[in-house]
Amino acid sequence: MLSLVATPIGNLKDITLRALETLQSADLIACEDTRHSGNLLRHYEIHKPLISYHEHNEARRTAELIEELAAGKHIAVITDAGLPGISDPGHRLLRACIERGLPYTILPGPSAVLTALIGSGFPAEEFYYGGFLPVKSGGRERDLLAAAAREVTSVFFESPHRLLKTLDVCAQHFPERRICVARELTKQFEEFRIGLGPELLAHYSAKSVKGEIVFLVSGTT
């Protein structure tokens, strides 16, 4: 049995009872970063074998883990935060299970995308999720301009080191559109800062930006 298990995006108390039970019963836990996940597991006194499963070894690990699953092992997959398979490893192994007809289950839980979407106050009936904004300036500008043209809210992940460049594009090309920077979600210094591109650019230019960021562009409607 494969279990894709959602883990907290910041506050450790956000883990579900079902997630704890599943991690406790698994034969093996595959995690994006064994050191990071080790902190979570130690906090809840879960002592299970850990194996790394990240973007650099996902293909090789999938081939190994699918055989373990076929042999009847119960393997839980977790990432550093949130639900595996959303901009994180997990999809490849799940697809292999489907192809082999092996059992699997998804344990829902914390989501940075949905938390940021609701916290922004932007319409949430429909939305576009674009993953991480491109590192290169040309790709980033293209994705942001596409977001500005959509009727629905667009949601991206962004690095604090590139936030000013992203806000500069917004300020130049669609200065009247409302933007939200959702930062450090569920943590002590959680922030939802909502405003126009020029306002947010001025704000973050005057301070150093840290922490994980979800970046939202409101739609045209």
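**Entry 1: arginine 193**

I looked up arginine 193 and got a relative accessibility of 32%, so I noted arginine 193 as partly exposed. The model is a predicted one. Next I asked which residue arginine 193 meets in a salt bridge. The partner is glutamate 191, with N to O at 3.0 Å. Glutamate 191 comes out at 10% relative accessibility, so I put glutamate 191 down as buried. Arginine 193 also turned up in my contact list for isoleucine 179. I come back to that residue below.

**Entry 2: the other salt bridges**

How many salt bridges are there in the whole structure? My search found eleven. Side chains of opposite charge can pair when their charged atoms come close. I picked out two further pairs.

I began with glutamate 64 and arginine 61. Their side chains form a salt bridge, N to O, at 3.1 Å. Both residues sit in helix H3, which covers residues 58-70. They are three residues apart, about one turn of the helix. Buried or exposed? I checked arginine 61 and found a relative accessible area of 14%, which is buried because the limit is under 20%. Glutamate 64 is partly exposed, at 34% relative accessibility.

Then I took glutamate 158 and arginine 140. The closest N and O atoms of this salt bridge are 3.8 Å apart. This pair links distant parts of the chain, 18 residues apart. Glutamate 158 belongs to strand S7 (residues 153-158), and arginine 140 to helix H6 (residues 137-149). I found both glutamate 158 and arginine 140 buried.

**Entry 3: threonine 79**

Where does threonine 79 lie? I found threonine 79 in the loop between strand S4 (75-78) and helix H4 (91-100). Its relative accessible area is 2%, so I recorded threonine 79 as buried. The side chain of threonine 79 reaches the backbone oxygen of alanine 81, at 3.1 Å. I then listed what threonine 79 touches, leaving out residues up to four places away in sequence. The list reads Thr7, Glu32, Ser37, Pro84, Asp88 and Pro89.

**Entry 4: a patch on the surface**

I turned to the surface. Ile98, Tyr104 and Ile106 form a nonpolar patch there. Together they have about 270 Å² of accessible area. Tyrosine 104 is in strand S5, residues 104-107. At a relative accessible area of 38%, tyrosine 104 is partly exposed.

**Entry 5: the nonpolar cores**

Which residues touch the most other members of the largest nonpolar core? That core has 20 residues, and my answer is Leu144, Leu163, Leu167, Ile179 and Phe215. I noted which elements each supply at least two residues: H6, helix H7 (163-173), strand S8 (178-183), helix H8 (197-205) and strand S10 (213-217). H7 gives the most to this core, five residues.

I found another core lying apart from the largest one. This other core holds 16 residues, including Ala30, Tyr53, Leu69 and Cys97.

Notes. Residues are numbered from 1 along each chain as its sequence is written. This is a predicted model: local features need pLDDT of at least 70, side-chain atom pairs count only at pLDDT 80 or more; totals for chains, interfaces and linings use all residues. Side-chain values use heavy atoms; hydrogens and water are left out. A salt bridge is a side-chain nitrogen of Lys or Arg within 4 Å of a carboxyl oxygen of Asp or Glu. Helices (H or I, at least four residues) and strands (E, at least two) are DSSP runs, numbered from the N terminus. Buried means under 20% relative accessible area, exposed over 50%, partly exposed in between (1.4 Å probe, protein chains only). A polar contact is a pair of N or O atoms within 3.5 Å; within protein, one must be able to donate a hydrogen and the other to accept it, and residues adjacent in sequence count only if both atoms are side-chain atoms. Contact means heavy atoms within 4.5 Å. Patches are made of residues with over 30% relative accessible area and no salt bridge: like charges are joined within 9 Å, nonpolar side chains (Val, Leu, Ile, Met, Phe, Trp, Tyr) within 5 Å. Accessible areas come from the Shrake-Rupley method with a 1.4 Å probe; for residues, only the protein chains shown count as cover. A nonpolar core is a set of buried Ala, Val, Leu, Ile, Met, Phe, Trp, Tyr and Cys residues joined through side-chain atoms within 4.5 Å.
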